[in-house]
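Let's take a walk through this fold, one neighbourhood after another. Have the viewer open and follow along.

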Amino acid sequence: MKYFVMLGDGMADYPCDEIGGKTPLEAADKPTMNYLSAHGTVGKCLTVPPEMVPESDTANLAVMGYDPLIYSKGRSPLEAVSIGLEMTPEQTAFRCNLVTLSEGDCKYEDRIMLDHSSGDITTDEADELIKTLEKELGNELRHFYTGISYRHCLLWANAPGSDVNERIYDFSRPHDIINRCIKDYLPAGDVGDKYRVLFEKSYDILENHPVNISRRSRGLNPANSLWLWSPGKKPALANFNRRFGLNAAVISAVDLIKGIGICAGMNSIDVEGATGTLNTNYAGKAQAAVDAFKNGSDFVYVHVEGPDECGHHGELKEKIEAIQNIDKLILKHVKDYLDSTGEHYRILLMPDHPTPVSRRTHTHEPVPFVIFDNQELLDSGIENYCEKTAETTGLYIDPGYKLIDSFIIK
């Protein structure tokens, strides 16, 4: 028995006037998704508990069968694990975004958050900036580590606030404040002020860094400030393979998803050219999934970040393109391979959370899912896999971490 999960990050959305009141998922040309929907079990699933922030760590934990209320300790520790960092009990991990703030002669607090990703800065450029931050701001207690593109990590032993609060500080998420003045979103108070100092110093360090001078000359957004958020301690996940008796693998370009997989005992597979953006190596991810099955994996989880990034950037056309690429270049290829084996298999297709292009951030609504079984072809009557049609079936899974019990046959 083989299990394949196709997770389109942020794929769910709201109806958009520009495409006749359809959602990107509804409007996309996606014949393979529609086939699974027409012959599978379709419903909606609430992946993030109402009392939690709708982030990819909580949502993907739920999809993998882990209760976020128990296991979610912030995304940063998972990202730290994914890049090979060994955390001590005293350390707190922080996501360290390289962001673009407005420039000009003004106070730091009066700047505008222009881009949470610095124009999807390359990892090589970002590495130079992170190394500079480590040289200037690192010390015996805190160290900066390079991740991928704009997504990096700070490990801080005995971080401010860690002695009284497991969550340390409730930082604002940079992708939630695009085009807003950062004044009301900077950390503040007795604990927050200790972090704010790093924010302000980072701008002075990065503003005229050679990497940013070069980026401006090429018409690209400079990565002129760090932005810390989502702090947390190292999580302890129950081993996925032992829980379900499966040999599992995860394929993603995003450190967060890799970290969940590694903490869960899965094999994390890297794909050359996988970027976490619209222009990722879709075909490479599909082939990596096929190779994982050939090499003995029973459960393969493929995560694609592209739709989410397009949602954060407010890019409707590009989001539709990302969905279509997932369908044509990954889902069809893997399904064709599984069909060719003659084995019994199941496919779970779903987003983790909505990332509406109109909102440019994650939202809490339940997401549409399909469970397809090649030996139990159904006639669902759902010819177009999307948010609206999933609503009509009346099938609703809450809490979301229970969905895996419907997917994996015990």
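This is a predicted model: local features need pLDDT of at least 70, side-chain atom pairs count only at pLDDT 80 or more; totals for chains, interfaces and linings use all residues.

Start with the largest nonpolar core, which has 83 residues. Helix H13, residues 316-341, supplies the largest share of the core, with 10 residues. A separate core of 35 residues lies apart from this one, and its members include Met113, Trp156, Ile178 and Leu186. As a general point, nonpolar side chains in soluble globular proteins tend to be buried together.

Setting aside residues up to four places away in sequence, Phe240 touches Met64, Tyr66, Ala248, Ala264, Met266, Phe299, Ile404 and Ile408.

## H2 against H13

Helix H13 also has a packing partner: helix H2, residues 31-38. The two pack at an angle of about 65°, and their axes are 7 Å apart. On the H2 side you'll find Pro31, Thr32, Met33, Tyr35 and Leu36; on the H13 side they meet Ile323, Ile326, Asp327, Leu331, Lys332 and Lys335. Sorted by class, that contact has seven nonpolar residues, one polar and three charged.

## An aromatic cluster around Tyr195

There are 15 aromatic pairs in the whole structure. Ring pairs join Phe94, Trp156, Tyr169, Phe171 and Tyr195 into a cluster. Within that group, Trp156 and Tyr195 are edge-to-face, with 5.4 Å from centre to centre and 75° between the planes. Trp156 belongs to strand E6 and Tyr195 to helix H7, so their pairing ties together parts that are 39 residues apart in sequence.

The charged end of Arg142 sits over the ring of Trp156, 4.9 Å from the ring centre. The charged end of Arg151 sits over the ring of Tyr150, 4.9 Å from that ring's centre.

Asn158 isn't a glycine, yet its phi is positive, near 55°. Asn158 lies in the loop between strand E6 (151-157) and helix H7 (189-206), and it counts as exposed because its relative accessible area is 51%, above the 50% cut-off. Ser230, in strand E7 (residues 225-232), also has a positive phi, about 50°. Ser230 counts as buried, since its relative accessibility of 15% is under the 20% cut-off.

Where is the cis peptide bond? Look between Asp398 and Pro399, where omega is about 10°. Pro399 sits in the loop between E13 and helix H15 (403-407).

## Around Tyr396

Strand E13 (residues 396-397) holds Tyr396, which is partly exposed with a relative accessible area of 43%. Leaving out neighbours within four places in sequence, Tyr396 is in contact with Lys44, Leu46 and Pro366. The C-alpha atoms of Tyr396 and Ala157 are separated by 42 Å, and the two residues are 239 residues apart along the chain.

Terms used: Residues are numbered from 1 along each chain as its sequence is written. Side-chain values use heavy atoms; hydrogens and water are left out. A nonpolar core is a set of buried Ala, Val, Leu, Ile, Met, Phe, Trp, Tyr and Cys residues joined through side-chain atoms within 4.5 Å. Buried means under 20% relative accessible area, exposed over 50%, partly exposed in between (1.4 Å probe, protein chains only). Helices (H or I, at least four residues) and strands (E, at least two) are DSSP runs, numbered from the N terminus. Contact means heavy atoms within 4.5 Å. Axes are lines fitted to C-alpha atoms, for helices over the stretch in contact, and angles run from 0 to 180 degrees between N-to-C directions. Ala, Val, Leu, Ile, Met, Phe, Trp, Tyr, Cys and Pro count as nonpolar, Asp, Glu, Lys and Arg as charged, and the others, Gly among them, as polar. Rings of Phe, Tyr and Trp (its six-membered ring) pair if their centres lie within 6.5 Å; planes under 30 degrees apart count as stacked, over 60 as edge-to-face and the rest as tilted. A charge sits over a ring if NZ of Lys or CZ of Arg is within 6 Å of the ring centre and within 35 degrees of the ring normal.
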